[in-house]
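Biologist: I've got the sequence and the fold up on my screen. Can you walk me through what's packed inside and where the open space is?

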Amino acid sequence: MTAIPIRGGRWQSLNAGGHRTALNVFLFIVIAHWAEHIVQAIQIWGLGWPVPESRGVLGQFFPWVVKSEALHYGYALIMLVGLIVLRKGFTGTARTWWNISLGIQVWHHLEHLLLLFQAQSGLFLAGKAVPTSIAQLIVPRVELHLFYNTLVFIPMIVAMVLHRRQSENAACTCAPA
């Protein structure tokens with residue numbers, strides 16, 4: 001098995017001429033996922049639906065999506081990889097904000113890895129009957145994941161706005177002409 005070189009070729013173009021496109025694709029994925037959590041919150045608190053019936057948009061058509069720890073872990077991993085791969089395109093204060101988002105996502109990813117392990121092994125944290133994350137011992141799952149996704153999203157957007165305004169990377173196409 002050969003390693004994928006992140007420093008050259010295709011990966012490098014994601015932080016140069018292809019940075020704007022890569023960020024837009026990444027942003028679309030992040031917003032689509034975050035929107036699912038917002039719709040779920042509206043279903044629970046706005047429409048008064050019971051939590052098991054509040055499955056966002058996709059979950060209404062594909063109920064297994066909400067219950068699949070592997071799918072949730074996959075999203076957390078995509079998010080983590082996106083934040084790592086696109087990080088080199090950011091400089092200065094924008095990079096600081098991007099790093100904050102990355103740091104939060106590292107923890108979010110570890111929580112999902114723990115949930116996936118529990119789902120696969122049948123060994124549940126703190127004697128719970130279902131997979132449970134560490135923070136979920138204090139905060140209910142729906143609220144926690146809405147909160148996590150918001151915490152990752154806000155510094156990511158701040159980083160993107162700052163990056164567009166002050167792009168110091170001459171090869172990057174993100175700054176307005």
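Biologist: Leaving aside neighbours within four places in sequence, which residues is M156 in contact with?

Modeller: Bear in mind that this is a predicted model. A contact here needs heavy atoms within 4.5 Å. With neighbours within four places in sequence set aside, the list for M156 is F26, L27, V30, M79, L83, W98 and S101.

Biologist: Which members of the largest nonpolar core touch the most other members?

Modeller: That core has 22 residues. In general, nonpolar side chains in soluble globular proteins tend to be buried together. The ones touching the most other members are F26, M79, L83, W98 and M156.

Biologist: Is H163 buried or exposed?

Modeller: H163 sits in helix 7, and its C-alpha is 8.6 Å from that of G92, 71 residues apart along the chain. Buried means under 20% relative accessible area. H163 has 2%, so it counts as buried.

Biologist: Which residues lie nearest the centre of the largest pocket?

Modeller: The pocket holds about 900 Å³ of space. Helices 2, 3, 4, 5, 6 and 7 each give two or more residues to its lining. Of the 33 lining residues, those nearest the centre are Q40, V65, V66, K67 and H72.

Biologist: And how many charged residues are in the lining of that pocket?

Modeller: Sort the lining by class and you get 14 nonpolar and 14 polar residues. The charged count is 5.

Note on methods. Residues numbered from 1 in each chain as written. Predicted model: local features only at pLDDT ≥ 70, side-chain atom pairs only at ≥ 80, totals over all residues. Heavy atoms only, no water. 1 Å grid on protein atoms, 1.4 Å probe; cavity = no way out; pocket = protein on both sides within 12 Å on 5 of 7 lines; lining within 4 Å. Points joined across faces, edges and corners; volume = space filled by probe spheres on them. Helix = DSSP H or I, 4+ residues; strand = E, 2+ residues; numbered from the N terminus. Nonpolar A, V, L, I, M, F, W, Y, C, P; charged D, E, K, R; others polar. Core = buried A, V, L, I, M, F, W, Y, C linked by side-chain atoms within 4.5 Å. Buried < 20%, exposed > 50% of the residue type's maximum accessible area, 1.4 Å probe, protein only.
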